[in-house]
Amino acid sequence: MAAAASLSANQGLLGTSFYGVWGSSISGDDYHTMLAKTTAPPKQAKVSRKPIRVQPMMKNVNEGKGLFAPLVVVTRNIVGKKRFNQLRGKAIALHSQVITEFCKSIGADAKQRQGLIRLAKKNGERLGFLA
């Protein structure tokens with residue numbers, strides 16, 4: 001008899017409308033509104049998939065490094081950047097001419113001369129002349 005009672009209870013639940021137990025306490029329109037609110041996907045903020053690019057700063061990585069860097073920085077501050085860069089350009093050009101004349105005197109080819117100029121630049125960076 002207990003089995004018959006549970007069977008009739010199950011039939012009662014299954015035999016009711018599509019909404020099951022909800023249909024007796026919530027009207028159909030209210031149920032659909034509530035269902036739409038609960039099953040809607042959560043709203044998410046739109047996030048760009050592109051990585052953020054930082055604008056490169058035109059700053060010397062050797063600023064403040066090297067034996068002569070403090071002298072170079074003080075001179076640049078006194079003379080001004082524009083005039084300082086003009087003087088630096090003239091000094092670099094003069095040094096490249098000296099290296100070229102040296103290479104001519106010893107018979108070095110253009111590849112060796114270019115290597116010496118690159119070495120001079122690297123040494124200038126280490127010593128702080130390019131700070």
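1. Of the 131 residues in the protein chain, 11% count as buried. The model under review is predicted. The chain exposes about 11500 Å², and carbon and sulfur atoms supply 62% of that area.

2. As to secondary structure, the protein chain contains six helices and zero strands. Along the sequence the pattern reads α-α-α-α-α-α. Among contacts in the chain with a separation of 6 or more, 54% join residues 24 or more positions apart.

3. The crossing of α5 and α6 is right-handed.

4. Which residues make this contact? From α5 the contributors are His 95, Ser 96, Ile 99, Thr 100, Phe 102 and Cys 103. From α6 they are Arg 113, Leu 116, Ile 117 and Ala 120. Sorted by class, the contact of α5 with α6 comprises six nonpolar, three polar and one charged residues.

5. How many salt bridges does a search of the whole structure find? The search returns one. This salt bridge joins the side chains of Lys 104 and Glu 101, at 4.0 Å from N to O. The criterion places the side-chain nitrogen within 4 Å of a carboxyl oxygen.

6. In general, side chains of opposite charge can pair when their charged atoms come close. Is Lys 104 buried or exposed? Lys 104 has a relative accessible area of 61% and is therefore exposed, the threshold for that class being over 50%.

7. A further point concerns Asn 123, a residue of helix α6. Its relative accessibility is 32%, which means that Asn 123 counts as partly exposed, a class lying between the 20% and 50% limits. Asn 123 and Gly 66 are 57 residues apart in sequence, while their C-alpha atoms are 9.9 Å apart in space.

Methods
Residues are numbered from 1 along each chain as its sequence is written. This is a predicted model: local features need pLDDT of at least 70, side-chain atom pairs count only at pLDDT 80 or more; totals for chains, interfaces and linings use all residues. Side-chain values use heavy atoms; hydrogens and water are left out. Buried means under 20% relative accessible area, exposed over 50%, partly exposed in between (1.4 Å probe, protein chains only). A crossing is left-handed if the near helix is turned anticlockwise from the far one by less than a right angle, and right-handed if clockwise. Helices (H or I, at least four residues) and strands (E, at least two) are DSSP runs, numbered from the N terminus. Contact means heavy atoms within 4.5 Å. Ala, Val, Leu, Ile, Met, Phe, Trp, Tyr, Cys and Pro count as nonpolar, Asp, Glu, Lys and Arg as charged, and the others, Gly among them, as polar. Accessible areas come from the Shrake-Rupley method with a 1.4 Å probe; for residues, only the protein chains shown count as cover.
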